[in-house]
Amino acid sequence: MNESYAVWLIVSAVIALLVANLSWRRRTAPSALALMALSLGMGIWSLSYALFWLSSTNPARTFWMNMTFCGVAVIPVAFLVMAQQFAGHGVSLTKRTYLVLSFVP
């Protein structure tokens with residue numbers, strides 16, 4: 001299979017999860033929680049995609065491919081929120097805005 005590709009995906013997931021941990025520790029900083037959500041999404045995406053490549057049965061491969069979408073769906077919204085907060089426009093983001101942004105087409 002593609003073990004070397006899976007190894008690099010696991011390395012990427014570990015780095016993303018370390019960034020999420022660091023941003024959680026500094027959660028009072030502007031856009032730190034959005035960066036944490038973005039990093040968690042990237043970590044889930046990378047790790048589940050690596051497990052997809054390491055799986056040998058079709059049901060397991062289908063499960064891990066479906067799990068990648070849990071990370072993929074979070075990334076665009078988290079990136080937009082992080083950019084808004086970092087630019088100083090995070091005040092305009094309300095709970096209703098987060099709800100509308102969370103709808104995945």
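**View 1. Helix H1 passes helix H2 in a left-handed crossing.** A crossing is called left-handed if the near helix is turned anticlockwise from the far one by less than a right angle, and right-handed if clockwise. The model is predicted: local features need pLDDT of at least 70, side-chain atom pairs count only at pLDDT 80 or more, and totals for chains, interfaces and linings use all residues. Residues are numbered from 1 along each chain as its sequence is written, and side-chain values use heavy atoms, with hydrogens and water left out.

H1 covers residues 3-25 and H2 residues 32-54; they pack at an angle of about 160 degrees, with axes 8 Å apart. Helices are DSSP runs (H or I, at least four residues), numbered from the N terminus. Axes are lines fitted to C-alpha atoms over the stretch in contact, and angles run from 0 to 180 degrees between N-to-C directions. H1 and H2 are therefore roughly antiparallel (angles over 145 degrees). Their contact has 21 nonpolar, 5 polar and 1 charged residues. Ala, Val, Leu, Ile, Met, Phe, Trp, Tyr, Cys and Pro count as nonpolar, Asp, Glu, Lys and Arg as charged, and the others, Gly among them, as polar.

**View 2. Helix H3 passes helix H4 in a right-handed crossing.** H3 (residues 58-86) and H4 (residues 95-102) pack at about 145 degrees, and their axes are 10 Å apart. Val-77, Leu-80, Val-81 and Gln-85 of H3 meet Tyr-98, Leu-101 and Ser-102 of H4; contact means heavy atoms within 4.5 Å. By class, this contact has 5 nonpolar, 2 polar and no charged residues.

**View 3. Val-77 lies in helix H3.** Leaving aside residues up to four places away in sequence, Val-77 touches Leu-101 and Ser-102. Arg-61 is 16 residues from Val-77 in sequence and 26 Å away in space, C-alpha to C-alpha.

Notes. Helices (H or I, at least four residues) and strands (E, at least two) are DSSP runs, numbered from the N terminus. Angles under 35 degrees count as roughly parallel, over 145 as roughly antiparallel, 65 to 115 as roughly perpendicular and the rest as oblique.
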